[in-house]
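Biologist: Please take a close look at a single part of this chain and describe what is found there. I would like one connected account.

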Amino acid sequence: MYGSRGAGVFAGRRMSAVVLGAALLITGCSSSDGGDGSDEPADAGAGITQQPKEKAPFWVNPDGTAAQQVAELEKSGKKREAEEIRKIAEQPTAEWIGPDDPRQQTRGLTEAAEKAGRTALLVLYNIPHRDCGQYSQGGAADGNAYRDWVDGVAAGIGDRPATIVLEPDALLHLVDGCTPQQFHEERYDLLKGAVTKLKSLKNTKVYLDAGNAGWQNPDQIFEPLNRAGIAQADGFSVNVSNFYSTEDSIAYGKKLSAKVGGKHFVIDTSRNGKGPYTDGKPDERWCNPPGRSLGETPTTKTADPLVDAYLWVKRPGESDGECKGGPKAGQWWADYALKLAKATG
């Protein structure tokens with residue numbers, strides 16, 4: 001991502017999301033926990049279980065990238081490393097929906113989650129002119145393509161439970177000058193339309209992305225949130241793919257909430273256990289910073305009534321981009337994942 005962010009996605013991951021959606025539809029892959037709290041493992045190799053529903057109602061993908069890493073490490077006899085990566089694999093982490101066949105992707109994921117008695121956690125990250133040409137550049141070809149894509153997402157979800165983080169950085173990049181002026185009006189229209197479409201679904205919650213605690217001036221983003229449909233959404237998200245502490249994220253979110261009608265918010269705590277990185281080049285501190293750790297595990301039991309959940313929106317262990325020795329944005333980086341897990345108590 002650009003500047004102070006880092007919501008990286010890459011082509012290979014987008015393709016894997018399509019394959020995953022198809023595989024889930026064919027196999028009915030999910031935990032054997034049908035919502036009765038038994039939490040018995042049912043995946044094909046790593047013994048991944050669902051978290052207790054009262055703590056974290058979101059679905060753990062038993063065949064996710066981290067789970068596959070656990071299985072590979074165990075097979076090669078690296079038991080200690082496998083247990084470290086298990087800290088990631090057994091937590092519910094968002095699935096980022098790619099551009100190809102969104103209906104198949106969201107149908108497969110939400111069906112698997114529903115079978116496990118849980119809610120699918122999804123990220124929509126396909127806005128046109130995404131990421132201003134940085135590590136995660138791309139997005140839908142134009143406004144009509146984006147509208148069709150959102151329609152496909154909605155058709156795949158149907159009445160099944162889903163929580164959606166909508167378009168990380170899309171508003172922030174309107175405010176910081178990254179996205180050219182000629183695309184601003186269309187972006188507001190696309191975001192508002194997406195909120196309207198997704199909130200027409202029976203059991204879907206939507207959180208518009210609203211930057212992070214490093215963005216020191218909520219006065220500059222609350223009006224963009226209003227124009228993008230925050231009134232109709234369930235709330236907004238903060239700290240997506242970033243490292244600001246939960247305490248600072250709550251403070252930022254509460255200031256912003258007061259300006260948008262008291263809306264609730266969710267916080268990405270996936271990698272914020274030690275806060276932001278403060279060394280090196282300021283414009284690259286967000287990208288694969290060393291010495292970080294996992295943050296609070298996903299839960300709806302938070303420290304503030306305005307905070308609906310702590311979520312792992314960015315999958316810990318996936319690269320922010322080709323910086324500091326990392327692979328392409330969104331690609332699994334086993335060494336970085338292991339360091340994150342080992343640094344966590």
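Modeller: The model is predicted. With a disulfide taken as a pair of cysteine sulfur atoms within 2.5 Å, the count comes to one. The disulfide is formed by Cys 287 and Cys 323, whose sulfur atoms lie 1.8 Å apart. Distant parts of the chain are linked by this pair, the two cysteines being 36 residues apart. Cys 287 sits in the loop between strand E6 (264-268) and strand E7 (307-311), while Cys 323 belongs to the loop between E7 and helix H10 (334-342). The angle about the S-S bond is -95°, and the link of Cys 287 and Cys 323 is left-handed. Both cysteines, Cys 287 and Cys 323, are buried.

Helix H9 runs over residues 246-257. The buried residues of H9 are Thr 246, Ser 249, Ile 250, Tyr 252, Gly 253, Leu 256 and Ser 257. Around the axis they cover an arc of only 165°, and therefore lie on the same side of H9. Glu 247 and Lys 255, on the other side of H9, are exposed.

Note on methods. Residues numbered from 1 in each chain as written. Predicted model: local features only at pLDDT ≥ 70, side-chain atom pairs only at ≥ 80, totals over all residues. Heavy atoms only, no water. Helix = DSSP H or I, 4+ residues; strand = E, 2+ residues; numbered from the N terminus. Buried < 20%, exposed > 50% of the residue type's maximum accessible area, 1.4 Å probe, protein only. Expected span 1.5 Å × (residues − 1). Arc of directions from axis to C-beta.
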